[in-house]
Amino acid sequence: MRWVRDWPVWSLSAGLRRYVLAVICAGALATVVAAVRTPWRAHDAVVCGVLLAIGAVTVESVRRMGEPALAGKDAHGIWELAIALLLPPFYALAAPAAVYLLIQWRVRRTLAHRRAFSAAAIGLSNGA
């Protein structure tokens with residue numbers, strides 16, 4: 001359990017820590033509820049996969065061009081917005097998590113709770 005106590009999220013002030021963890025938990029809960037209620041169709045999964053693949057190309061192109069981290073933020077939102085408009089809510093809630101995992105892995109590592117918070121907040125807004 002020592003490795004859990006060393007997480008940077010515990011160094012946040014109590015109020016901010018509660019807010020960050022509440023948004024992450026709300027995003028996870030909304031994703032699970034949407035997964036249970038989603039009518040699963042192969043066509044939706046294929047469309048989501050194609051749009052996520054295009055989002056992955058966007059992440060890679062921004063990384064390879066050496067542009068600042070903020071340069072590709074608008075491009076990521078385009079594909080996530082298409083997912084939110086075309087597919088059931090589960091896909092809109094889960095897509096930002098996939099993109100932020102790729103960004104964390106391929107572009108620049110940062111504190112995990114920041115990426116999780118951003119993915120949860122964007123997923124909740126897309127799902128809404």
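**Close-up 1. Helix 5 and helix 6 pack against each other in this predicted model.** Helix 5 covers residues 89-107 and helix 6 covers residues 112-127. Two packed helices are described by the angle between their axes and the distance between the axes. Here the angle is about 155°, and the axes sit 8 Å apart. Angles over 145 degrees count as roughly antiparallel, so that is the label for helix 5 and helix 6. Helix 5 passes helix 6 in a right-handed crossing.

**Close-up 2. Here's who touches whom between helix 5 and helix 6.** From helix 5, the contact uses Pro89, Ala92, Leu93, Pro96, Ala97, Tyr100, Ile103 and Gln104. Helix 6 answers with Arg115, Ser118, Ala119, Ile122, Gly123, Leu124, Asn126 and Gly127. Sort the residues of this contact by type and you get 10 nonpolar, 5 polar and 1 charged.

**Close-up 3. Helix 5 seen on its own, with its buried residues.** Helix 5 has 19 residues, and its first and last C-alpha atoms are 27 Å apart, close to the 27 Å expected at 1.5 Å a residue. Its buried residues include Phe90, Tyr91, Ala95, Val99 and Leu102. Ala92, Leu93, Pro96, Tyr100, Ile103 and Gln104 are buried too, and these residues also take part in the contact with helix 6.

**Close-up 4. Helix 2 packs its buried residues against helix 5 and helix 6.** Those buried residues are Val20, Val23, Gly27, Thr31 and Ala34. Helix 2 runs through residues 14-37, which makes 24 residues.

Definitions and conventions: Residues are numbered from 1 along each chain as its sequence is written. This is a predicted model: local features need pLDDT of at least 70, side-chain atom pairs count only at pLDDT 80 or more; totals for chains, interfaces and linings use all residues. Side-chain values use heavy atoms; hydrogens and water are left out. Axes are lines fitted to C-alpha atoms, for helices over the stretch in contact, and angles run from 0 to 180 degrees between N-to-C directions. Helices (H or I, at least four residues) and strands (E, at least two) are DSSP runs, numbered from the N terminus. Angles under 35 degrees count as roughly parallel, over 145 as roughly antiparallel, 65 to 115 as roughly perpendicular and the rest as oblique. A crossing is left-handed if the near helix is turned anticlockwise from the far one by less than a right angle, and right-handed if clockwise. Contact means heavy atoms within 4.5 Å. Ala, Val, Leu, Ile, Met, Phe, Trp, Tyr, Cys and Pro count as nonpolar, Asp, Glu, Lys and Arg as charged, and the others, Gly among them, as polar. The expected span of a helix is 1.5 Å times one less than its number of residues. Buried means under 20% relative accessible area, exposed over 50%, partly exposed in between (1.4 Å probe, protein chains only).
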